[in-house]
Amino acid sequence: MSHTTDAHDYPACCHADNGDWLGTNDTLSTPVSADGTPVPGQTYTVAARSGRAVRLKAGQTIRIINTHGSQVCDTWVFNSDDLSEFLSMEHARAHIDRIIPKPGDELFSNRRRTIATLLADTSPGIHDTLIAACDLHRYTNLGVSGYHDSCADNMRLALHAIGLRAREVPQPFNLWMNIPVRADNSIAWLAPVSAPGDYVDIQAAMDCVVVMSACPQDIVPINNLNPVDVQFCVTH
Ligand SMILES: [Zn+2]
């Protein structure tokens with residue numbers, strides 16, 4: 001299948017949804033395992049500009065580590081039995097009465113039940129739940145010609161690498177993305193305020209798939225204009 005690099009059109013060959021990638025990278029060939037099951041306790045890397053998907057059983061916890069402190073990690077959680085259910089930030093915000101979850105907060109799915117819980121956060125707690133995953137259209141709008149890695153494609157590719165497909169790209173939980181909302185309701189796009197080694201722990205409330213993308217944004221300074229890797233580890 002050929003892939004378009006047009007600004008806003010999808011190839012006619014593709015599904016009538018948002019599940020198909022528009023270009024590829026190493027994400028497709030670097031799953032943690034064939035079906036995404038991790039080795040508990042093993043530390044994995046999400047390479048700069050890439051994505052990875054990992055299965056969690058209910059009760060397992062994933063630690064996502066901002067190795068360099070300066071990197072945004074777009075994060076999704078899908079019900080592994082039915083990928084049409086996923087962590088939904090708009091539903092999560094309504095449940096916790098906050099725009100940024102804090103430790104102890106339940107993370108709600110689009111069916112308004114707990115899909116995961118944010119257990120711990122060693123960073124200052126600045127994350128984003130408002131901004132869509134970057135995608136090829138975003139980079140086209142920013143003046144990029146041709147293909148550019150994106151969190152949306154990383155999610156699609158990471159799922160495909162373990163044999164799964166979602167029909168949409170939900171609003172991610174954008175770990176460490178620093179998008180302050182000003183008093184006049186405008187927003188800013190700033191670098192993360194986290195330190196190297198800061199981490200969040202997210203515990204699965206159901207069997208699920210967590211997808212992470214080390215955001216390749218290198219035009220807007222949310223990654224200090226230098227996209228790098230992040231790491232993660234799954235524990236019981
Ligand atoms: Zn991104």
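Me: Which protein atoms are the donors of the zinc ion?
Reply: Donors are N, O and S atoms within 2.8 Å of the metal (3.2 Å for Na, K and Ca); water is not among the atoms, so sites may look incomplete. Here the protein donors are Cys134 (SG), Cys151 (SG) and Cys215 (SG), at 2.2 to 2.3 Å from the zinc ion. This is a predicted model: local features need pLDDT of at least 70, side-chain atom pairs count only at pLDDT 80 or more, and totals for chains, interfaces and linings use all residues. Residues are numbered from 1 along each chain as its sequence is written, and side-chain values use heavy atoms, with hydrogens and water left out.

Me: What spacing do the donors of the zinc ion follow along the chain?
Reply: The pattern is C-x16-C-x63-C. Cys134 sits in the loop between strand E6 (114-121) and helix H2 (136-141), and Cys151 sits in helix H3 (residues 151-161), so this pair ties together parts that are 17 residues apart in sequence. Helices (H or I, at least four residues) and strands (E, at least two) are DSSP runs, numbered from the N terminus.

Me: Are Cys134 and Cys151 buried or exposed?
Reply: Buried means under 20% relative accessible area, exposed over 50%, and partly exposed in between (1.4 Å probe, protein chains only). Both Cys134 and Cys151 are buried. For Cys151 the relative accessible area is 0%.

Me: How many disulfides are there?
Reply: A disulfide is a pair of cysteine sulfur atoms within 2.5 Å. By this rule the count is zero. Take Cys73, which is in no disulfide: the nearest cysteine sulfur, that of Cys151, is 8.1 Å away. Cys73 is also buried, at 0% relative accessibility.

Me: How much of H3 is buried?
Reply: Of the 11 residues of H3, 10 are buried, so this helix is largely enclosed by the rest of the structure. Among them are Cys151, Asp153, Arg156 and Ala161. The cover over the buried residues of H3 includes E2, E4 and E9. Just after H3, Gly163 takes a positive phi of about 85°.

Me: In what order do the four strands of the open sheet stand?
Reply: Two strands pair if DSSP finds at least two bridges between them. The order here is E2-E9-E4-E7, with antiparallel pairing. Strand E2 (51-56) and strand E7 (173-175) stand at the edges with a single partner strand each, so one side of each has no neighbour in the sheet. On average, neighbouring strands of this sheet are turned by 25° against each other, direction ignored.

Me: Where does H3 touch this sheet?
Reply: Contact means heavy atoms within 4.5 Å. Axes are lines fitted to C-alpha atoms, for helices over the stretch in contact, and angles run from 0 to 180 degrees between N-to-C directions. H3 packs on the sheet and touches E2, strand E4 (73-79) and E9; the directions of H3 and E9 make about 140°.

Me: How many bridges join E2 to E9?
Reply: Six bridges join E2 to strand E9 (residues 208-214), and the two run antiparallel. Leu56 stands opposite Cys208 in E9. Gly51 also lies in strand E2. Gly51 counts as buried, at 2% relative accessibility. Leaving aside neighbours within four places in sequence, the contacts of Gly51 include Asn154 and Ala158.

Me: Which strands pair with E10?
Reply: Strand E1 (residues 43-46) pairs with strand E10 (residues 230-235) in the antiparallel sense over four bridges. In that pairing, Thr45 stands opposite Gln231. E3 and E10 pair in the antiparallel sense too, over five bridges. Ile64 has Phe232 in E10 as its bridge partner.

Me: What joins the side chains of Asn66 and Ser194?
Reply: A polar contact is a pair of N or O atoms within 3.5 Å; within protein, one must be able to donate a hydrogen and the other to accept it, and residues adjacent in sequence count only if both atoms are side-chain atoms. The polar contact between the side chains of Asn66 and Ser194 is 2.8 Å. Asn66 lies in strand E3 (residues 61-66). Asn66 is buried, with a relative accessible area of 0%.
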